[in-house]
Amino acid sequence: MNLTFNDEERMVIELARDFAENELAPIAESIDQEKRVPIEALRKMQELGLLGLMIPEEYGGAGVRTSCYAQVIEELARVCAAVAIVLSVHNSVGAYPILRFGSEEQKQKYMPKLAGDWIGAFCLSEAASGSDASALELKAKRDGDDYVLDGSKLWVTNGSIANLYLVMAKTADVPDKPHRGISAFLVEKDTPGLIVGKLEDKMGLRGSDTAEIQFDGCRVPASALVSEEGVGFKIAMQALDNGRIGVGSQAVGIARGALEEAIKYAKERVAFGRPIAEHQAVQFKLADMETEISAARNLVRRAAWLKDSDQPHGKEAAMAKLYASEMAHRVVHQAVQIHGGAGYIKEYPVERYYRDQRITEIYEGTSEMQRIVIGRAVIAE
Ligand code: CAA
């Protein structure tokens, strides 16, 4: 496994780190408190080429390897996890499925836009189908040269800011294998019948929007179908294999940011006559935090490397996401503990990291679903 970055990749990672420190650090707290998506920062990321990171150069993107992209997400999440997830969803479950399964016409039409000023979103979950993704009910009915979509999606990251939605819909009832009746469609924001519904008021990641998207007689041409009818579930699963590398990186970034804050505080805070960083109880916590972060990052890099070398990586992506998100839970918990009472108030960033981390154990598949993916894979092996 090659874990080194070339000069160009190092430049991209440094660009992301500088951007995070100079542009995101000053607004990370206010966008969280105001529950505001920082459109101005996203536009700058588009100008810098950071948003279309994984889109190949031939379509106007940066075309970096997944390992580099994962490190970029870590750099952003270290400072602002809300912006990191915009980038992760846009690339992993927005653009990637089109690259992997779309027709050349769809790629020519959408990739340059997604590498430019468009943002992508992924619509899978519904009120009655979250973990059990194949139980979705949104219908797409063929009508002449069109399909007509009716139903509603929930938990759509980038829901209110996206220009293009990848929508999983039921085109056929297949009683004992419902997933084989699911198809994927590309729906542009301005399509009549696509309605951005309720915006969720979340515990964390408040600088990223999560919306309900309704489809009310939403008519799209047959050319909006990705691949063919019945392969939508497979497209969604492969998109999520990719997305879980992004969420794993996001969790590593959150944990790293929390560790850095804990170290800073431990050097400043004096108790029993010396900085608490000099107490072994605190040093042991910091040691465990650093060790776990490194272990999680290596799992993320391994999954990314497998994907870059065109090898199966579903199990490894699930392992990376599972371990990194639960590791981040432990690390932010200790970071707050090291801060004592200070960690419980909004003046210190660890309070935000604590809230932001929680969703990494839930979205793009809960920890329980990751264990199912990993468990089934090891048994099959
Ligand atoms: N790649 C390709 N195909 C896959 C696959 C993968 N990774 N995983 C499964 N499949 C295929 C199987 O081969 C099988 O195909 P056939 O039977 O047709 O040959 C089919 O899909 C069904 O597989 P399973 O029987 O394993 O499916 P299941 O119903 O038992 O579900 C599951 C498995 C892993 C639990 C899956 O439902 C799952 O991942 N659930 C979690 C969903 C999820 O992550 N949701 C998050 C939504 S997005 C979000 O969070 C918001 C956002 O905006 C970011």
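Glu260 is partly exposed, with a relative accessible area of 32%. In this predicted model, Glu260 forms a salt bridge with Arg78. The structure holds 31 salt bridges in total. Side chains of opposite charge can pair when their charged atoms come close.

**Glu260 and Arg78**
- The closest N and O atoms of Glu260 and Arg78 are 2.8 Å apart.
- Glu260 lies in helix α6 (residues 232–268) and Arg78 in helix α3, so this pair ties together parts that are 182 residues apart in sequence.
- Arg78 has a relative accessible area of 12%, so Arg78 counts as buried, because the cut-off for buried is under 20%.

**Arg78 and Glu21**
- Arg78 also meets Glu21 in a salt bridge, at 2.9 Å from N to O.
- Here too, distant parts of the chain are linked: Arg78 sits in helix α3 (residues 66–79) and Glu21 in helix α1 (residues 7–34), 57 residues apart.
- Glu21 is partly exposed, at 37% relative accessible area.

**The network**
- Salt bridges link Arg17, Glu21, Glu74, Glu75, Arg78, Arg256, Glu260 and Arg297 in a network.
- Arg78, Glu21 and Glu260 are among the members of this network.

**Arg358 and Glu361**
- Another salt bridge joins Arg358 and Glu361, with 3.3 Å between the closest N and O atoms.
- Arg358 is partly exposed, at 34% relative accessibility.
- Glu361 is buried, with a relative accessible area of 11%.

Note on methods. Residues are numbered from 1 along each chain as its sequence is written. This is a predicted model: local features need pLDDT of at least 70, side-chain atom pairs count only at pLDDT 80 or more; totals for chains, interfaces and linings use all residues. Side-chain values use heavy atoms; hydrogens and water are left out. A salt bridge is a side-chain nitrogen of Lys or Arg within 4 Å of a carboxyl oxygen of Asp or Glu. Helices (H or I, at least four residues) and strands (E, at least two) are DSSP runs, numbered from the N terminus. Buried means under 20% relative accessible area, exposed over 50%, partly exposed in between (1.4 Å probe, protein chains only).
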